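Welcome! Take a moment to look over the sequence and the model, and then we can walk through some of the details together.

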Amino acid sequence: MDPFAGSYVVEKMTDELEDAAVDLMRRVEDLGGAVAAIERGMQKAEIERSAYEVSQEIDSGRRTVVGVNKFALDVEEPYEPLRVDPAIEAQQCERLARLRSTRDNSAVSRALTDLKKAAEGTDNVLYPMREALASLATVGEVCHALRDVWGTYIPPDTF
């Protein structure tokens with residue numbers, strides 16, 4: 001027995017997926033492109049709408065989630081959260097302190113300054129970012145440099 005009824009069903013599903021993707025791309029373009037759509041909260045709204053739809057399907061039983069709404073255990077299995085050894089945090093702090101004391105901090109500072117200058121203008125930030133990381137700037141330091149220039153994006157709540 002062929003559950004997909006030959007290639008017809010697969011082709012139909014592919015066509016439906018393509019139509020949905022093209023429709024979504026058209027909606028983004030109608031808003032003025034990806035950046036404009038993000039600024040207007042379109043993607044966030046789509047994610048929230050989809051999450052709500054999935055939640056409704058699970059609650060109604062139209063969507064099966066094994067262990068949640070179908071085939072759930074009568075008795076809950078005990079859950080043991082992952083406990084990270086505090087010594088690991090201390091080791092990481094030690095490694096970071098050692099890195100900062102042994103690297104060329106003036107080179108890191110110059111590289112982060114170059115990154116900020118690129119971010120303030122229209123230059124490609126990937127090259128100065130690569131240089132900052134190669135000079136052993138941390139990912140956090142790179143992110144802080146970019147946040148200093150660009151700030152932190154807070155998406156709108158409505159679309």
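E48 and K44 form a salt bridge, with their closest N and O atoms 3.1 Å apart. Both residues sit in helix α3 (residues 42-60), four residues apart, or about one turn of the helix. E48 is partly exposed, with a relative accessible area of 43%, and K44 is also partly exposed, at 26%. Keep in mind as you read that this is a predicted model.

An α-helix has 3.6 residues a turn, so residues three or four places apart point the same way. R49 is partly exposed, at 42% relative accessible area.

## A link between helices

The structure holds eleven salt bridges. Another of them joins R100 and E141, with the closest N and O atoms 3.4 Å apart. This pair ties together distant parts of the chain: R100 belongs to helix α4 and E141 to helix α7, 41 residues apart. R100 is partly exposed at 36% relative accessibility, whereas E141 is buried at 16%. Salt bridges with shared partners also connect R27, E46, R49 and E53 into one network.

## Helix α7

Just after α7, G151 has a positive phi of about 80°.

In α6, the buried residues are P128, M129 and A132. Viewed down the axis of α6, they lie within an arc of 105°, so they line one face of the helix. They pack against α5 and α7, while the face turned away from the buried side carries the exposed residues L126, Y127, R130 and A134.

The loop between α6 and α7 contains S135, which counts as buried at 17% relative accessibility. The side chain of S135 reaches the backbone oxygen of A132 at 2.8 Å. Leaving aside residues up to four places away in sequence, S135 touches R103, A107, V108 and A111. L136, which follows α6, has a positive phi near 80°.

Terms used
Residues numbered from 1 in each chain as written. Predicted model: local features only at pLDDT ≥ 70, side-chain atom pairs only at ≥ 80, totals over all residues. Heavy atoms only, no water. Helix = DSSP H or I, 4+ residues; strand = E, 2+ residues; numbered from the N terminus. Buried < 20%, exposed > 50% of the residue type's maximum accessible area, 1.4 Å probe, protein only. Polar contact = N/O pair within 3.5 Å; in protein donor to acceptor, adjacent residues only side chain to side chain. Contact = heavy atoms within 4.5 Å. Arc of directions from axis to C-beta. Salt bridge = Lys/Arg side-chain N within 4 Å of Asp/Glu carboxyl O.
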